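Overall figures for the chain follow at the end.

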Amino acid sequence: MRLIHISDVHLDERRQLAGAIRVDDQGHNLALTNTGACIRAVRDAALALGAVDVWVITGDLFDTPNPTQLEERYAVEVVEELAATAPVVVLAGNHDVPLAGTGATALECLKLRANIHVVELPQVLVVCPGLALACIPYPRRAELIALAPEGSREERYAAASQELKRLIQGLRIKAEREHPGTPKVALYNASQDGAVVGVQPRALTCDNAVHPDDFMR
């Protein structure tokens, strides 16, 4: 079983390189075309080692919940190229969902396309035999906070993180009940408690955070 994981590519035709927007010979933002080329390089390197059973993109395919037509076109092209070789699971990330917590995500352009599975709500997927995927897209913070008791901003965000942990535990129980004896992989888009970049702890103030142990309890 081979699962290839891609995340946070942030397709963005407004992104700068060395402090300026640079374009290719077709007038397209070079940062955008380079990102597409990187995804294709990952695809080619993975396939050179053998068949892939499933590709997963765990959030932030786009840099904004309102991508431009060009960004959507690049996304469709590269993801469909992946889907031509194996099923693709795409989770909504924090940059893909509206800030207000309502309305369509940036992933509308990928829905209803062959062999591409867009995940906007927590669910358990089986897209290839012998593997269950417990998928948790970026939690719409407004919905989690609405479940939290009154209190300070920090207290409500802490309560929202607890709601997220309960959601994870419920999904784990569902996966174990519906797919006993099947290998399982948890896919999520959220901040991780205790994460370190280099030697420095990585912390996002008041973000909904989970810990790897939350998937095991």
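In this predicted model, four strands make up an open sheet with parallel pairing, and their order is β1-β2-β3-β4. The edges are taken by β1 (3–6) and β4 (116–119); each has a single partner strand, so one side of each lacks a neighbour in the sheet. On average, neighbouring strands of this sheet are turned by 15° against each other, direction ignored.

Strand β3 (residues 88–91) runs parallel to β4 and is joined to β4 by four bridges. Valine 89 has histidine 117 in β4 as its bridge partner.

Two helices are placed relative to these strands. Helix α1 packs on the sheet and touches β1 and β2 (54–57), while helix α2 lies across β1, β2, β3 and β4.

| Helix | Residues | Strands | Angle |
|---|---|---|---|
| α1 | residues 30–48 | touches β1 and β2 | about 165° with β1 |
| α2 | residues 69–83 | lies across β1, β2, β3 and β4 | about 140° to β3 |

The chain as a whole contains four helices and 11 strands. How many of its residues count as buried? Of the 217 residues, 45% do. Among contacts with a separation of 6 or more, 70% are between residues 24 or more positions apart. The accessible surface of the chain is about 11,200 Å², and carbon and sulfur atoms account for 54% of that surface.

How values were computed:
Residues are numbered from 1 along each chain as its sequence is written. This is a predicted model: local features need pLDDT of at least 70, side-chain atom pairs count only at pLDDT 80 or more; totals for chains, interfaces and linings use all residues. Side-chain values use heavy atoms; hydrogens and water are left out. Two strands pair if DSSP finds at least two bridges between them. Axes are lines fitted to C-alpha atoms, for helices over the stretch in contact, and angles run from 0 to 180 degrees between N-to-C directions. Contact means heavy atoms within 4.5 Å. Buried means under 20% relative accessible area, exposed over 50%, partly exposed in between (1.4 Å probe, protein chains only). Accessible areas come from the Shrake-Rupley method with a 1.4 Å probe; for residues, only the protein chains shown count as cover.
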